Amino acid sequence: MLIVTVPQVQGMRIIETLGLVQGNTVRSRAIGKDILAIIKLIIGGEVTEYTNLLVESRLQAIERMSFHAERMGGNAIVGVRFETAIGKNGEIQILSYGTAVKVK
């Protein structure tokens, strides 16, 4: 599955537009990781526990969006965007969306 943030794929032609596809996930942090993150916030540096959670969440949202596009018969997704939010209980919400297309 070809996934791009631009509306066209250079060197390819969109032969059919299939419609909006999306994938989302809501993930919570683990207490143990929160403790490590608090320590890093105090001493400084990247909070890798949260970085990894964001990466895993984004990948899961992309996989779900790709699955949706494949079910529609697409072989590419154009105009992909991401929305990220933190819920009131600290959960991370990721939404990926774009337009499923067939390209040649």
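Two strands are taken to pair if DSSP finds at least two bridges between them. This report applies that idea to a predicted model.

**Strand pairing**

Strand β2 (residues 14–27) and strand β4 (residues 92–103) run antiparallel and are joined by 12 bridges. Within this pairing, Gln22 stands opposite Tyr97 in β4. Strand β4 is also joined to strand β3 (residues 76–86) by nine bridges, and these two strands run antiparallel. Here Ile86 has Ile92 in β4 as its bridge partner. A hairpin is formed by β3 and β4, with five residues between them. In its turn, Gly90 has a positive phi of about 90°.

**Salt bridges**

How many salt bridges are counted? The count comes to two. They are listed below.

| Side chains | Distance, N to O |
|---|---|
| Lys102 and Glu16 | 3.5 Å |
| Arg27 and Glu56 | 3.2 Å |

Lys102 is partly exposed, at 28% relative accessibility, and Glu16 is partly exposed at 36%. Arg27 lies in strand β2 and Glu56 in helix α2 (residues 48–71), so their pair ties together parts that are 29 residues apart in sequence. Arg27 is partly exposed, with a relative accessible area of 23%, and Glu56 is partly exposed at 39%.

**Confidence**

The average pLDDT of the chain is 89, and 88% of the residues score at least 70. Where pLDDT is low, the predicted coordinates should not be read in detail.

Notes. Residues are numbered from 1 along each chain as its sequence is written. This is a predicted model: local features need pLDDT of at least 70, side-chain atom pairs count only at pLDDT 80 or more; totals for chains, interfaces and linings use all residues. Side-chain values use heavy atoms; hydrogens and water are left out. Helices (H or I, at least four residues) and strands (E, at least two) are DSSP runs, numbered from the N terminus. pLDDT is the predictor's confidence in each residue, from 0 to 100. A salt bridge is a side-chain nitrogen of Lys or Arg within 4 Å of a carboxyl oxygen of Asp or Glu. Buried means under 20% relative accessible area, exposed over 50%, partly exposed in between (1.4 Å probe, protein chains only).
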